[in-house]
Amino acid sequence: MNLRQLLGHAQNVLIMGHHNADPDALCAMLAFERLYMFLNPGGRATLACEDASKLAIQVATTFVPVPEIAPDVIDQFDLFVLLDTNNRYQLGPSLEHAAQDPEHTLVIDHHEPNPDIHSLAKHVIVDHTKSSTCEILVTLFDELDVKLTPDIAGLLLAGILFDTRRFFYGDAATLKTAIRLIDAGADYGLCLRSLIQRPDRSERIARLKAGSRLKIHLIGDWIVVTSKVGAFEASACRALLDLGADVAIVGGRPSKNVVRLSSRSTQEFHAKTGVNLGRDVMEPLGKVIGGEGGGHANAAGANGTRDRDKALRVAVDLIRAAIERGTAQENDDS
Ligand SMILES: [Mn+2]
């Protein structure tokens with residue numbers, strides 16, 4: 001059965017995106033609803049996702065009125081559509097049991113292939129070479145000869161811009177798709193503006209305080225900074241990297257007996273020094289603050305109860321030692 005027949009036969013469709021839906025997922029859901037209603041004007045479409053990000057809702061409402069999106073469902077459906085996800089767990093606990101019948105499930109996605117996809121869906125449109133689910137949807141509109149209206153073209157272009165980080169990722173096909181959408185009436189400037197999100201006032205104050213309380217540690221050529229805030233320590237770290245630090249460690253104290261540490265480094269710092277913030281810094285620091293730490297090479301954190309100032313000093317020592325170990329290894333290799 002081809003897609004036109006599948007959608008033509010389905011009278012009651014449930015369109016789902018992954019939990020904490022991002023602009024690609026939510027815009028794809030709204031565009032898919034339009035595609036379905038065009039092919040089957042008498043049909044009924046229900047949109048559901050566990051939750052959508054603030055940014056996703058901001059982007060979507062820039063282009064179309066966003067209908068009510070159910071966080072879970074109890075009705076019966078004759079077609080389940082999963083967008084921007086290829087496994088049921090990404091739907092979140094409230095929806096992961098919604099699609100139980102592969103015969104009546106369609107997946108449209110661009111993530112790495114799920115080897116078990118056929119136990120979930122018999123109808124699969126997946127292409128992990130595509131930048132975004134929205135990019136895949138453009139080809140579906142064209143293949144099914146459904147007109148792209150300016151509002152839907154805007155939605156789809158905004159979804160593509162988000163997933164490609166404004167074309168940082170993507171290829172010639174992505175750019176051609178973008179032109180196709182602009183030709184269909186998408187307002188490129190509006191798409192870009194729809195994605196701009198200013199943090200809340202309290203978060204901006206935390207970022208500014210992190211800047212004003214900054215300590216700068218020069219280790220070789222690297223600039224390592226530490227600071228303290230009440231909350232928003234992860235956001236403060238990102239802000240300090242934007243200001244020019246190679247590594248930022250920020251200690252938060254949201255309440256009296258809670259200490260949270262956050263850290264970020266640039267890709268270049270990790271690539272050249274081999275320092276892994278999760279393993280080399282936050283895991284040992286967790287003990288210093290009476291808690292636990294861990295995370296990724298470039299982004300890591302720790303939660304505990306005490307000794308924030310000491311932890312920030314130890315963090316710098318740990319980074320210095322890890323850089324020296326990395327340099328020593330390099331010298332051994334040569
Ligand atoms: Mn996506």
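Q: How many degrees is the crossing of helix α2 and helix α6?
A: Welcome to a predicted model, and let's begin with a helix pair. Helix α2 spans residues 23–39 and helix α6 residues 150–163. Their axes come within 8 Å, and the crossing angle is roughly 155 degrees.

Q: Are α2 and α6 roughly parallel or roughly antiparallel to each other?
A: Angles over 145 degrees count as roughly antiparallel. The axes of these two helices cross at roughly 155 degrees. The pair is therefore roughly antiparallel.

Q: Is the crossing of α2 and α6 left-handed or right-handed, and which residues of α6 make the contact?
A: The crossing is left-handed. From α2, the residues in contact are Pro23, Asp24, Cys27, Leu30, Ala31 and Arg34. On the α6 side they are Asp151, Ile152, Leu155, Leu156, Gly159, Phe162 and Asp163.

Q: Which residues of β3 point the other way from Leu79, Val81 and Leu83?
A: In a regular strand, side chains alternate between the two faces of the sheet. Strand β3 covers residues 79–83, and five of its five residues are buried. Leu79, Val81 and Leu83 point one way, and the residues that point the other way are Phe80 and Leu82.

Q: In β4, which residue is the bridge partner of Val81?
A: Strand β3 runs parallel to β1 (residues 12–17), joined by five bridges, and Leu83 is the β3 partner of Gly17. With β4 (residues 105–109), β3 pairs in the parallel sense over four bridges. In that β4 pairing, the partner of Val81 is Leu106.

Q: Is Leu190 buried, partly exposed or exposed?
A: Leu190 is found in helix α8, residues 188–194. Leaving aside residues up to four places away in sequence, Leu190 touches Thr62 and Phe63. Buried would need under 20% relative accessible area and exposed over 50%. The value for Leu190 is 28%, so this residue is partly exposed.

Q: How many Å apart do the C-alpha centres of domain 1 and domain 2 lie?
A: The chain is divided into domain 1, residues 3–194, and domain 2, residues 202–333. For the C-alpha centres of the two domains, the separation is 38 Å.

Q: Which strands stand at the edges of the open sheet of six strands?
A: The strand order is β6-β7-β8-β9-β11-β10, with mixed pairing. A strand at an edge has a single partner, so one of its sides is left without a neighbour in the sheet. The twist averages 15 degrees from one strand to the next. The edge strands are β6 (215–219) and β10 (292–295).

Q: In β7, which residue is the bridge partner of Lys215?
A: Strands β6 and β7 (residues 222–229) run antiparallel and are joined by five bridges. In this pairing, the β7 partner of Lys215 is Thr226.

Q: At about how many degrees does helix α12 run to β10?
A: Helix α12, residues 277–288, lies across β8, β9, β10 and β11. Its angle to β10 is about 170 degrees.

Q: Which elements do the buried residues of α10 pack against?
A: Helix α10 spans residues 233–243, and Glu233, Ser235, Ala236, Cys237, Ala239 and Leu240 are buried there. Gly244 follows the helix, with a positive phi near 135 degrees. The buried residues of α10 pack against α9, β7, β8 and β9.

How values were computed. Residues numbered from 1 in each chain as written. Predicted model: local features only at pLDDT ≥ 70, side-chain atom pairs only at ≥ 80, totals over all residues. Heavy atoms only, no water. Domains from an automatic or database assignment. Buried < 20%, exposed > 50% of the residue type's maximum accessible area, 1.4 Å probe, protein only. Pairing = 2+ DSSP bridges. Axes fitted to C-alpha atoms, helices over the stretch in contact; angles between N-to-C directions. Parallel < 35°, antiparallel > 145°, perpendicular 65-115°, else oblique. Left-handed = near helix turned anticlockwise from the far one by under 90°. Contact = heavy atoms within 4.5 Å.
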